[in-house]
Amino acid sequence: ELEKDLEIDTIPFTVNANQVVFDKAKETITYKPYARVENGVVFVSKLALNEAPLKVEIYFGTNGDADLVYAENIENTKNIQKAYKLSGLGKGDYKFVFKTEGKTFTQNI
């Protein structure tokens, strides 16, 4: 796996003695979800060309304790664009957990 800012390239390979053979035909690209905050709203985006589902979990807490406050599964979408308004929960820490294509990504806000 080659991990970049917003994507992960996975290229299967085999090793025989001192020879490495890459199977470029089976290369896959997983696009990472990205969250940004503007004026109390969290904007989440993700490119899913294969329409892979994205599970979003939002945790809220203070002093290290966090509770799940929202969860959603997004399916059958190539270009995921969501907005989450965080007002009403008060001041504290938010943790966004994204699960897609067998991988988990976490972003703290």
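Is D9 buried or exposed? D9 is buried, its relative accessible area being 8%. The legends below refer to a predicted model.

**Figure 1. Overall fold of the chain, built from 12 strands and zero helices.** From the N terminus onward, the order of elements is β-β-β-β-β-β-β-β-β-β-β-β. The radius of gyration is 17 Å, well over the 13 Å that the globule rule gives for 109 residues, so the chain is more spread out than a compact globule. Along the principal axes, the C-alpha atoms occupy a box of roughly 60 × 30 × 20 Å. Of the contacts between residues at least 6 apart in sequence, 48% connect residues at least 24 apart.

**Figure 2. Surface and charge of the chain.** The accessible surface amounts to about 7,400 Å², and carbon and sulfur atoms account for 48% of this area. Buried residues represent 28% of the 109 residues. The chain carries 14 positive and 16 negative side chains, and the centres of these two sets are 2 Å apart. In the whole structure, 10 salt bridges are found; the views that follow show several of them.

**Figure 3. Close-up of the salt bridge between K32 and E3.** The N to O distance between the two side chains is 2.7 Å. This pair joins distant parts of the chain, 29 residues apart: K32 belongs to the loop between strand 5 (28-31) and strand 6 (34-38), while E3 lies in strand 1 (residues 2-3). The two partners are assigned to opposite accessibility classes for the following reasons. K32 has a relative accessible area of 12% and is therefore buried, because buried means under 20%. E3 reaches 55% relative accessibility and is therefore exposed, because the exposed class begins over 50%.

**Figure 4. Close-up of the salt-bridge network of K4, E7 and D9.** Within this view, D9 pairs with K4 in a salt bridge whose closest N and O atoms are 3.3 Å apart. The relative accessible area of D9 is 8%, so this residue counts as buried. K4, by contrast, has 38% relative accessibility and so counts as partly exposed. The salt bridges of the network link K4 and D9 together with E7.

**Figure 5. Close-up of the salt bridge between E27 and K24.** The side chains of E27 and K24 meet with an N to O distance of 3.4 Å. E27 shows a relative accessible area of 30% and is therefore partly exposed. K24 has 53% relative accessibility and so counts as exposed.

**Figure 6. Close-up of the surroundings of E27.** E27 is located in the loop between strand 4 (19-22) and strand 5. Leaving aside residues up to four places away in sequence, E27 touches D9, T10, I11 and P12. One of these residues, P12, is 15 residues from E27 along the chain, and the C-alpha atoms of E27 and P12 are separated by 6.7 Å. D9, another residue touched by E27, also belongs to the salt-bridge network with K4 and E7. The view thus includes both the buried D9, at 8% relative accessible area, and the partly exposed E27, at 30%.

Methods: Residues numbered from 1 in each chain as written. Predicted model: local features only at pLDDT ≥ 70, side-chain atom pairs only at ≥ 80, totals over all residues. Heavy atoms only, no water. Helix = DSSP H or I, 4+ residues; strand = E, 2+ residues; numbered from the N terminus. Rg over C-alpha atoms; globule rule 2.2 N^0.38 Å. Buried < 20%, exposed > 50% of the residue type's maximum accessible area, 1.4 Å probe, protein only. Contact = heavy atoms within 4.5 Å. Areas by Shrake-Rupley, 256 points an atom, 1.4 Å probe, with all protein chains shown as cover. Lys, Arg positive; Asp, Glu negative; His and termini not counted. Charge placed at Lys NZ, Arg CZ, Asp CG, Glu CD. Salt bridge = Lys/Arg side-chain N within 4 Å of Asp/Glu carboxyl O.
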